[in-house]
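Here are a few notes to read alongside the model. Have a look at the structure first, then work through the points below.

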Amino acid sequence: MQRSLFSGVTGLTNHQLILDNTANNLANISTSGFKSSRITFSTALTQTQSSGSSPGSTTGGQNPRQVGLGVRNSSVDINMNQGALQSTGRNLDLAIQGNGFFQVTNLDGSTAYTRVGNFGFDSKDTMVDLGTGLKIQGKVFDSTGQASGATSDVD
């Protein structure tokens, strides 16, 4: 009786995770740069009721008999596939096709990355992410297309 209750409770708990994930995906479907996610599950524990046997000269062998005792969340995976590119009519709205991220600097000076490309200039003429105000980082390129120098704020 206790095993069946445990299996039922873990099933309901993990079903709630599916609903939470689906609601999050739907709520953010029109959010710039949002990447949907999916949940994978695995068996939490199994109990072997009878062991298997190897093939004999007249039989093909027998698989072990196991009973699953619940489910657990194995992982939450973010879908990093390319989204659809859309024209906005703004010169400072940028998009990344394929792999990659824009590098930004957090307020504490640490580095962060984003795929959202709605940029503008702040009062000091530094390029920033309009949604967060974080400064966009970049390198200077020479006439041959080679990056030179350290990463710095884009002015």
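**Notes on a predicted model**

1. Let's start with Phe-119, which is buried because its relative accessibility is 0%, below the 20% cut-off. Keep in mind that this is a predicted model.

2. What does a search of the whole structure find in the way of aromatic pairs? It turns up 1. The rings of Phe-102 and Phe-119 sit with their centres 4.9 Å apart and their planes at 90°, so this is an edge-to-face pair. Phe-102 belongs to strand E5 and Phe-119 to strand E7 (residues 119-121), so the pair ties together parts that are 17 residues apart in sequence.

3. Phe-102 is buried as well, at a relative accessible area of 14%.

4. Now for the neighbours of E5. Strand E6 (residues 111-114) pairs with E5 in the antiparallel sense over 4 bridges, and Phe-102 stands opposite Thr-114 there. The hairpin of E5 and E6 has 5 residues between the strands, and Gly-109 in it takes a positive phi near 95°. E5 also runs antiparallel to strand E9 (residues 135-141), joined by 2 bridges, with Val-104 opposite Ile-136.

5. Elsewhere, take a look at Asn-14 in helix H1 (residues 2-27). Asn-14 counts as buried at 8% relative accessibility. Leaving out residues up to four places away in sequence, Asn-14 touches Phe-41, Val-71, Arg-72 and Asn-73.

Conventions. Residues numbered from 1 in each chain as written. Predicted model: local features only at pLDDT ≥ 70, side-chain atom pairs only at ≥ 80, totals over all residues. Heavy atoms only, no water. Pairing = 2+ DSSP bridges. Buried < 20%, exposed > 50% of the residue type's maximum accessible area, 1.4 Å probe, protein only. Contact = heavy atoms within 4.5 Å. Phe/Tyr/Trp six-rings, centres within 6.5 Å; stacked < 30°, edge-to-face > 60°.
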